[in-house]
Amino acid sequence: MQRRDFLHYLSAGAALGMMAPFGNLLAATGPTMPGNTGANGRVVVIGGGMAGTTVAKYLRLWGGTGVQVTLVEPNPTYISNIFSNKVLTGERTLTQLSYKYGTLTSKYGVKLITKSVVAIDPTGQQVLLDDGNKLPYDRLVIAPGIDFDALTMSGTPDAQAKVVHAWKAGKDGAQTTSLQAQIRAMTKADTFILTIPKAPYRCPPGPYERACVVADYLKRTKGGGKVVVLDANVKIQAELENFTNAFKNIHKNITYVPSAEITSIDANTRTVNTSAGSFKGKVINAIPPHKAGKIISDNPLLASVSNRWAGVNVLSYESNTVPNIHVIGDAAATTQPKAGHIANAEAKVCADAIVHLLRGEAVNQSPMTNSACYTPITNKTASWLSVVYRYDPATGTMLPTGNGVTESSGINKDNHEEMLKWFSNLMSDTFA
């Protein structure tokens with residue numbers, strides 16, 4: 001099997017079938033809803049992103065009719081963070097990256113509640129909604145994604161509003177559309193400044209990808225323009241060889257500055273002050289330091305790792321501190337990256353574990369997950385990385401297998417074509 005085919009296979013979820021009750025059937029014939037599998041209980045899922053939607057779907061798909069699943073998500077539409085960089089350059093639209101929950105409810109029988117959660121009662125095992133209603137649960141899955149620390153910033157309110165992260169689309173895609181408009185207004189004499197927070201952050205290759213596609217866009221449409229990457233980390237965090245090549249040889253209009261941690265931003269003068277010096281640009285795309293979504297990071301009991309992330313048992317993603325609550329995706333502190341593909345994989349491990357727990361059975365003691373990611377470097381070329389993780393009982397963590405994280409041996413058009421298939425498979429596995 002060619003590696004790129006292996007990536008397709010993984011992204012469709014088939015490789016994860018070894019840990020799912022109906023995995024082989026899924027790989028061969030597609031999803032089939034079972035009857036009662038012996039699993040009975042009420043599961044509430046908070047958050048309808050890649051992790052939350054996947055776990056809700058597979059709880060029903062593998063748990064059967066006895067597992068009542070309720071998804072609580074205030075937004076009726078999910079806007080994918082994957083491919084959002086292509087929205088900035090006009091190659092995709094937000095509409096093309098928008099997904100609704102109709103199939104989740106009509107095909108899999110998940111109950112959708114478009115409300116916000118204001119509190120969790122772990123003793124009474126219930127979730128309080130912003131309309132005053134309470135949802136009882138036997139198992140609760142929290143998948144809130146990420147939140148950000150506030151950056152130290154000065155300047156008028158209008159100037160500060162133009163300094164966006166666009167690392168989440170924001171309400172109705174406002175963050176993404178704001179940055180898109182600012183990039184479009186640039187000239188060949190202007191500079192785009194991108195800041196990268198210290199790891200861990202969502203999508204390790206994502207900021208470097210953004211630098212590449214913006215640099216490519218400026219060359220193609222403006223005839224020039226500079227990109228300055230201010231990285232708080234000491235080196236490139238993913239695809240070191242490919243991004244080093246891209247910065248040095250493909251996009252010579254990129255200046256990469258490592259160990260450049262933000263100290264402050266003057267929005268009026270468009271100056272970013274860092275530990276590596278001060279930098280001025282026409283557009284400032286400042287990605288702040290990350291932490292778990294608010295419902296986790298505001299709860300000291302759940303945010304048991306550095307008061308920022310949820311500590312979990314990766315055999316089931318159950319909280320290390322609060323029983324019957326599971327945390328998956330970006331908000332969980334694990335040895336795996338924070339990204340959409342791995343969130344999908346973690347959700348399946350969690351769903352399988354909950355089905356077993358609701359049956360009174362032991363969970364799988366040797367789960368595997370994978371992280372695969374394609375990265376556009378220009379509007380026609382891409383690279384990729386891939387790693388498979390296996391549970392290590394000695395450390396209680398997920399460790400890379402084989403050669404660990406591998407990256408493509410080059411940047412080419414074939415990878416770009418395969419990237420489109422990878423994305424389609426992943427989003428279909430989550431939302432279709």
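A residue is called buried here when its relative accessible area is under 20%, and exposed when that value is over 50%. The structure is a predicted model, and this cut-off guides the reading of several of its regions.

Because its relative accessible area is 0%, Leu-179 is buried. Which residues is Leu-179 in contact with, leaving aside its neighbours within four places in sequence? They are Leu-88, Val-164, Ala-166, Phe-192, Arg-210, Val-283 and Asn-285. Of these, Val-283 illustrates how the fold brings separate segments together: Leu-179 and Val-283 are 104 residues apart in sequence, yet their C-alpha atoms are 8.3 Å apart in space.

Helix H9, formed by residues 240-250, has two contrasting sides. Its buried residues are Asn-242, Phe-243, Ala-246 and Phe-247. These residues cover an arc of only 130° around the axis, and therefore they sit on the same side of H9. On the other side of H9, Glu-241, Lys-248 and Asn-249 are exposed.

Attention now turns to a sheet. Strands of a sheet pair through backbone hydrogen bonds, in either a parallel or an antiparallel manner. Strand S7 (residues 126-129) is joined to S8 by three bridges, and Leu-128 stands opposite Lys-134 in S8.

Aromatic side chains supply a further view of the structure, in which 10 aromatic pairs are found. Tyr-99 and Phe-431 form a stacked pair, with 5.1 Å from centre to centre and 20° between the planes. This pair links distant parts of the chain, since Tyr-99 belongs to strand S4 (residues 98-100) and Phe-431 to helix H12 (residues 413-431), 332 residues apart. Tyr-99 counts as buried because its relative accessibility is 17%, and Phe-431 counts as buried because its value is 8%. Tyr-99 and Phe-431 also belong to one aromatic cluster with Tyr-78 and Tyr-101. Elsewhere, a charged residue meets an aromatic ring: Lys-338 lies over the face of Trp-309, at 4.0 Å from the ring centre.

How values were computed:
Residues are numbered from 1 along each chain as its sequence is written. This is a predicted model: local features need pLDDT of at least 70, side-chain atom pairs count only at pLDDT 80 or more; totals for chains, interfaces and linings use all residues. Side-chain values use heavy atoms; hydrogens and water are left out. Two strands pair if DSSP finds at least two bridges between them. Helices (H or I, at least four residues) and strands (E, at least two) are DSSP runs, numbered from the N terminus. Buried means under 20% relative accessible area, exposed over 50%, partly exposed in between (1.4 Å probe, protein chains only). The arc is that of the directions from the helix axis to the C-beta atoms. Contact means heavy atoms within 4.5 Å. Rings of Phe, Tyr and Trp (its six-membered ring) pair if their centres lie within 6.5 Å; planes under 30 degrees apart count as stacked, over 60 as edge-to-face and the rest as tilted. A charge sits over a ring if NZ of Lys or CZ of Arg is within 6 Å of the ring centre and within 35 degrees of the ring normal.
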